Every structure is written in structure tokens, then in C-alpha cells.
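Please consult the sequence and the model while reading.

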Amino acid sequence: MLARPPVRRRPFLRMAGIGRSMVLTFDDGPDPRYTPAILRTLRRYDVRAMFFVCGEMAVENRDLLREMADDGHVVGNHSWSHPLIPRLSPDGIRSELGRTSEIVERTVGDAPDWYRAPYGAWNRRSFEIGAELGMEPLGWTVDTLDWREPGVRAISSAGCASGAGPGVVVLSHDAGGNRQQSVAALRTYLPQLLDAGYRITVPSTAPRA
Ligand SMILES: [Zn+2]
């Protein structure tokens, strides 16, 4: 593990200094029903993204975790069981984040450098414990609201037409419910972003924002 990052007081919400680039993130997986299709689309356009995985999903789908890492995607920590972090004791937070980092490290060889609190609900302890575990907190700039299943067009529009911009971090999901719309929307907005001249990238391990 690299040097421990500083204890933040808020998560990164966008990536500054990466020019006309954007970051796509997928939460709650891996899910064998949807993650493979997301991976295929990313592969087709040769772009890297971030997957914030839940430990309880990861432990059941370690092959998908390996596939993410093999394709150059960043595997982040999204807790073990997707609880509301502020409701947990410090030991509870440590267990949720620590066990997830462990399964990621055991599966792909490296512990996550990034974590994201479920529901974007952070607290001071989560910043301290995340830093202890060698992780930086990443929120998002644009929420596609794909979990509401608003339709492929609405998700695509949030991810591209209305949401695009330099340094924007886009939130969507590859698990946690029916994600067929999320899968289909990515096939629409990813090529649109590329056509609009955006580079889709992942942050380097040392964040600059
Ligand atoms: Zn989530």
C-alpha cells in the first residue's frame, strides 16, 4: 500500500486538471446480469472506468473483479453491505471498508485506492478510516439517477447532453436492481461523449483536485 493519504473533510466531487476528460463510475456491483455488458461496451470503445464494488457482491463474483482489473479499470471500495455509514460505530465502518478492501486485494492483487460511501453519506470517521486504509474519498459531479429507471434516454441525457463537462465524474450503477436501462444508456452516451471530444479516463492513484 502506498503512503497513507491525508484525512479529507469532504469527498472529491470532480477531477480537476485532467483537461477535457471525464470519469465514468459504476456502483454496487459486480452483478453477473449487468456488469459483463458494461465491461463489453467499455472494451469496445477502449476506455477505462471506475467500479465501486460492494464486498458482498465481489466475494460472489471474483471473476468479474479480475476482469475489471485485467481491462485496466479502477476497482474502488463501496463498503461490504451498502449501509448508511453515519449509522455505524467506528468498528462497524472499519469492518465494512476493511473487509471490502481485503477481498479486492486478495482477488486482484492491489487494495483499492478509492472509496465511495453508499448514498454519498459520509462522516468524519469514514474519512479517517478510509485514509487509514490507504483510500481517497470520491463522490460524483453528475448523478444519472439510473437507479430510478427513468428510461434510457433520460439516463443518456444526464450522462452526456446535460451532464458533460471537463473533470465531471458520472455516477451510474451496474447492480442493486434492474440495470438494463443503465447498460443500454451507456451504449448511447459513451460514443456521444467520445464524439463530442471527451476523453474518458480514470484518476491516477494520487488525486489532483
Ligand atoms: Zn451504492
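**Core and helix packing**

F26 touches I38, L42, A49, M50, F51, F52, S172, D174, L186 and Y189, not counting residues up to four places away in sequence; contact means heavy atoms within 4.5 Å. This is a predicted model, in which local features need pLDDT of at least 70, side-chain atom pairs count only at pLDDT 80 or more, and totals for chains, interfaces and linings use all residues. Residues are numbered from 1 along each chain as its sequence is written, and side-chain values use heavy atoms, with hydrogens and water left out.

Q: Which residues touch the most other members of the largest nonpolar core?
A: A nonpolar core is a set of buried (under 20% relative accessible area, 1.4 Å probe, protein chains only) Ala, Val, Leu, Ile, Met, Phe, Trp, Tyr and Cys residues joined through side-chain atoms within 4.5 Å. Of the 33 residues in the largest such core, those with the most contacts to other members are L24, F26, L42 and Y189.

Q: Which element gives the most to this core?
A: Helices (H or I, at least four residues) and strands (E, at least two) are DSSP runs, numbered from the N terminus. At least two residues each come from β1 (21-27), α1 (35-44), β2 (50-53), α3 (62-70), α4 (90-108), α6 and α7. The most, 6 residues, come from α7.

Q: Why is α6 oblique to α7?
A: Axes are lines fitted to C-alpha atoms, for helices over the stretch in contact, and angles run from 0 to 180 degrees between N-to-C directions. Angles under 35 degrees count as roughly parallel, over 145 as roughly antiparallel, 65 to 115 as roughly perpendicular and the rest as oblique. The axes of α6 (residues 152-161) and α7 (residues 180-195) come within 8 Å and cross at roughly 40°. That angle makes α6 oblique to α7.

Terms used. Buried < 20%, exposed > 50% of the residue type's maximum accessible area, 1.4 Å probe, protein only.
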